[in-house]
Amino acid sequence: DPQQTEPATASKRKLRRFIVIDEVVDKLYGSKVREYFERNNVQHKILALPTTEETKSMDLVLNILHEVQSFSLDRRTEPIIAIGGGVCLDIVGLAASLYRRRTPYIRVPTTLLSYVDASVGAKNGVNFLQCKNKLGGYTPPVASFLDRSFLQSIPRRHISNGLGEILKMALMKHKGLFYLLKNHGKYLLDTKFQSCNSFAHHGDAALQTTRIAIETMLEELAPNLWEDDLDRLVDFGHLISPELEMRVLPSLMHGEAVNVDMAFMTYVAHARGLLAAEDKEQILQCMRGLELPVWHSGCSWALIQRALRERLKHSGGQLRMPLPTGLGVADIFNDTSEETLERAYELWVKD
């Protein structure tokens, strides 16, 4: 919007930007980022940090805030820029929300998971006392800049990891997206979501898949940005996975833990008579095609019970369990018996 950019360009004061970048991303793209700011005559400070699930803590937030303070950032006109995966975006979002009560920030996701998940919505946070995202808040970014070219340099497993969150939206809300993943999953893994003209028979599956995933996510999040309504389809795959992910770190990535949760819940839906056997098999086949784990030895019956007790504590005393009732359709249930859960678990382990 020219009206927004005019005050910045007309000002005699030199443009200044504070950038937090994941240290791995910095090795790959840091020189280009620095060159960009230098070419545009922007005074800048780039802070490269190790942003992993293990380092996702208040210590790192405070580290960022010390640097922000010494940079003398103007919170009205100088947004903090976060460049990295979901952990980086979460940490920087929390730091920005705390600095002078709220400083604007911009998200630049560099992994598939952060592209379709962390870049959308308002949540930010860090782990605390071995609990995932126990400290955090709701402060949306002023912008998210999405660029799929970043995905060229991430390992294949990271592409698969992001496909777990895309599959979540497909199973909950969009049958067409499910079939896109089922039919083009290997192609998306092989091409790392780059749009390739030489594979015309796939259409632009990368663009379609990411766009539908983000649009369906926004449809769910926008009317309920602050989570006033606790009945949320986007919680599918997130009832057991937080406990599992933290328990087995670093053996499972976030999207992989989510998929293990979704696989179990698919069995729960089938055990309840909500999901036909044929649909259950299609879902599991799709998961395997996306190279996602459908089971993990760390997901014991005791862990599931513990995770669901934790769920009850934080969701108003009800399970609010999203379950697929077909391909691309779902509902939320509060009446799944322990007997049904145990029966589903036994069949899941057996399979």
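Which residue forms a salt bridge with Lys 168, and how far apart are the closest N and O atoms? In this predicted model, the partner of Lys 168 is Glu 165, with the closest N and O atoms 2.9 Å apart; a salt bridge is defined as a side-chain nitrogen of Lys or Arg within 4 Å of a carboxyl oxygen of Asp or Glu. Residues are numbered from 1 along each chain as its sequence is written, and side-chain values use heavy atoms, with hydrogens and water left out.

Lys 168 and Glu 165 both belong to helix α6 (residues 156-173), where three residues, about one turn of the helix, separate them. Helices (H or I, at least four residues) and strands (E, at least two) are DSSP runs, numbered from the N terminus. Both residues of this pair are buried, the term buried denoting under 20% relative accessible area, exposed over 50%, and partly exposed the range in between (1.4 Å probe, protein chains only).

The structure holds 26 salt bridges. One of them joins Glu 53 to Lys 132, with 3.0 Å between the closest N and O atoms. Glu 53 lies in the loop between β2 and α3 (58-71) and Lys 132 in strand β6, so the pair ties together parts that are 79 residues apart in sequence. Glu 53 and Lys 132 are both buried. A further salt bridge links the side chains of Glu 227 and Arg 232 (3.1 Å, N to O). Glu 227 counts as buried because its relative accessibility is 17%, and Arg 232 counts as buried at 8%. These two residues take part in a network of salt bridges that also includes Lys 123, Asp 235 and Arg 311.

Strand pairing was examined next. Strand β4 (residues 105-109) pairs with β7 in the parallel sense over two bridges, and Arg 107 has Ser 144 in β7 as its bridge partner. By contrast, strands β5 (residues 123-128) and β6 (residues 131-138) pair in the antiparallel sense over five bridges, with Leu 135 in β6 as the bridge partner of Val 126. β5 and β6 form a hairpin with two residues between them, and Leu 129 in the turn has a positive phi of about 50°.

Terms used. Predicted model: local features only at pLDDT ≥ 70, side-chain atom pairs only at ≥ 80, totals over all residues. Pairing = 2+ DSSP bridges.
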